[in-house]
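Here are my notes on the model you sent over. Have a look at the structure first, and then we can go through the points together.

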Amino acid sequence: VGNLTLHRLCGQQVKTVVGGSLPGPTIQAREGDKLIVHVINTSPYNITLHWHGVFQMFSGWADGPAYVTQCPIVPGSSYTYKFSITGQEGTLWWHAHISMLRETLYGALIIRPRLGRSYPFPKPDQEVPILFGEWWNANVVDVENNFRTLGGLPKLSDAFTINGQPGDFYPCSQDKTYKLNVIKGKTYLLRLVNAALMNHLFFKIAQHNFTVVAVDARYTKPYNTDVIVIAPGQSADVLFTANQPLGNYYMAAHPYFPTPIEFEYGTTTAIVHYIGASLTTKPLMPVLPDFSDTATAHKFYTELTSLTTVNNPHWLPVPQVVDENMFVTFGVGFEPCGGTCVGPLGSFLRFSANMNNISFVLPSTISLLEAYHEGVPGIYTEDFPDHPPLEFNYTDPNIAFAFPLLVIEKKETRVKRLKYDSVVHIVLQNTALVTAENHPIHFHGFDFYVLAQGFGNYDPISDPNNFNLVNPQQRNTIAVPINGWAVIRFRANNPGEKFDFILDYMNLVLILFSKLFLLLSINGTKLLNCFDLIGVWFVHCHLETHVPWGLNMAFIIENGPTPSTSLPPPPSDLPHC
């Protein structure tokens, strides 16, 4: 990880990248592989990397969110992430999980079936990573410091990008536009990742259709569409066939942004070039949905279902018995700033964000996982509420005038403990106290079943009648509808998957040896602390400004009953604060 001068939009900026490239290197693996990633920080910034969507079985220390599972890798130091890919196939990704540095610190993580297995769809002729991003004509560390200090909104990005390039409609960009050469009649698997910091995106290819075969590395029942909607943090595997006349066709993306506040209006493009067509022929442009087309977005997000046939080895039926019920509201609010900021309502309030009216504060001297492991008191409390403090009309934009204290949030570090293997059922309810948004909520360590989505306030009487308990889509990031809700369910065993006997046996042996080592080397009190949790898993909005504002919480999952369901001790090179 180091700094590099990059030329975009008629100027140059020093950006932080991996391996001297934007996007960063694509990591390719097979299900069952162990990944070892040596991260050497030669940049001037603190760094962590998150392996977005990876379950991190037995490897919670490698998850990557700063001050949650590790302290940052400081400039001039290194850390080795080690983890296995278990029970997952498809497209995931990796990115910085500190500050706004994931603007340019990201790349694809492609997981193919283990040898002897095949895709549950016809094998494509070529696979192509397509990563959407954002670009600032500024140092994003300064951008973040500015909005956090002043209390207002961040500077908008200056461009969207496809594979690191803005495309033909941005100035000084035409000669660098990404180009995909295709052969007429061939089928291509596009591995889409939305690495943008602040925006959902609509994506189309002129005169071509898609078949969605996976989202968030979970196989779906094939879904035919001419438009993809993808939230920040989400991924999708889509097939398209080059079945149009020889020519050039734009692939294009622009924001889905239904909120009536300022946003970046640009359109990023790349070119699909049919081999044999003239390179000088002007590409055809697709007609993208309107920026505020919630109907199109909702249709796409809700019509996907899981592939439940025998050729999807990782499908497990939805748990029917629930152990934990939660109702979690979230949205944007304010916090006092004592006359020291330039916030939205003068010098006494700054923007904040919350879940169940708790605006989450990350520790700064130790990570949550280390604090639990070491038994350090005073870092967090285990009393994150299962419900908001007050029931109200969550999607009424005028409710803040009736209950003004609802928009003033408590700044606390509160987590929720879950028993191993418990089934957790959560209603995620959007609010409109300050502004209504479509929040992409990301769960570390788990995929979840999306049982239903809707608009307005969730109705516990009528809405359960619409639950899909047969083949719901599975996600690690859910775009909760603007002025609406989503219902999800997951099993807290991080996660329950079917293992090969040899893999289970090896994990058991490794953990038993690690426990024997600890028994011989540390005192009994610390030994007990080491073995009573399986992990700390962050839950947060993937709109980047909402993380420092506090739209986060965390789960602590207790260890299971056997060594093979327990978290090993931390690696020797784990960074310290």
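1. Strands S3 and S8 run parallel to each other and are joined by 4 bridges; two strands count as paired if DSSP finds at least two bridges between them. Glutamine 28 has isoleucine 110 of S8 as its bridge partner. Helices (H or I, at least four residues) and strands (E, at least two) are DSSP runs, numbered from the N terminus.

2. A word on the basis: this is a predicted model, in which local features need pLDDT of at least 70 and side-chain atom pairs count only at pLDDT 80 or more, while totals for chains, interfaces and linings use all residues. Residues are numbered from 1 along each chain as its sequence is written, and side-chain values use heavy atoms, leaving out hydrogens and water.

3. Helix H2 (residues 294–303) has Thr294, Ala297, His298, Phe300 and Tyr301 buried. These residues cover an arc of only 165° around the axis, so they sit on the same side of H2; the arc is that of the directions from the helix axis to the C-beta atoms.

4. The largest nonpolar core holds 104 residues, and Trp51, Ile426 and Phe555 are among those with the most contacts inside it. Such a core is a set of buried Ala, Val, Leu, Ile, Met, Phe, Trp, Tyr and Cys residues joined through side-chain atoms within 4.5 Å. Strand S20 (residues 324–336) gives the most to this core, with 6 residues. Apart from this core lies another, of 60 residues, including Leu180 and Ala297.

5. Isoleucine 426 deserves a look of its own. Leaving aside neighbours within four places in sequence, its contacts (heavy atoms within 4.5 Å) include Met326, Val328, Phe443 and Phe490.

6. How many salt bridges are there? The count is 21, taking a side-chain nitrogen of Lys or Arg within 4 Å of a carboxyl oxygen of Asp or Glu. One of them joins glutamate 544 to arginine 102, at 2.6 Å from N to O. Glutamate 544 lies in the loop between S31 and H7 and arginine 102 in the loop between S7 and S8, so the pair ties together parts 442 residues apart in sequence. Both glutamate 544 and arginine 102 are buried.

7. Aspartate 447 and arginine 218 form a salt bridge too, with their closest N and O atoms 2.7 Å apart. This pair links parts of the chain 229 residues apart. Aspartate 447 is buried at 7% relative accessibility, and arginine 218 is buried at 7%.

8. There are 2 disulfides in the whole structure, each a pair of cysteine sulfur atoms within 2.5 Å. Cysteine 10 is joined to cysteine 172, S to S 1.8 Å, and this link is right-handed, with 90° about the S-S bond. The pair ties together parts that are 162 residues apart in sequence. Cysteine 10 is exposed at 51%, while cysteine 172 is partly exposed at 48%.

9. Cysteine 71 and cysteine 577 form a disulfide with sulfur atoms 1.9 Å apart. The torsion about its S-S bond is about -90°, so this disulfide is left-handed. Cysteine 71 is buried, with a relative accessible area of 1%.

Methods:
Buried < 20%, exposed > 50% of the residue type's maximum accessible area, 1.4 Å probe, protein only.
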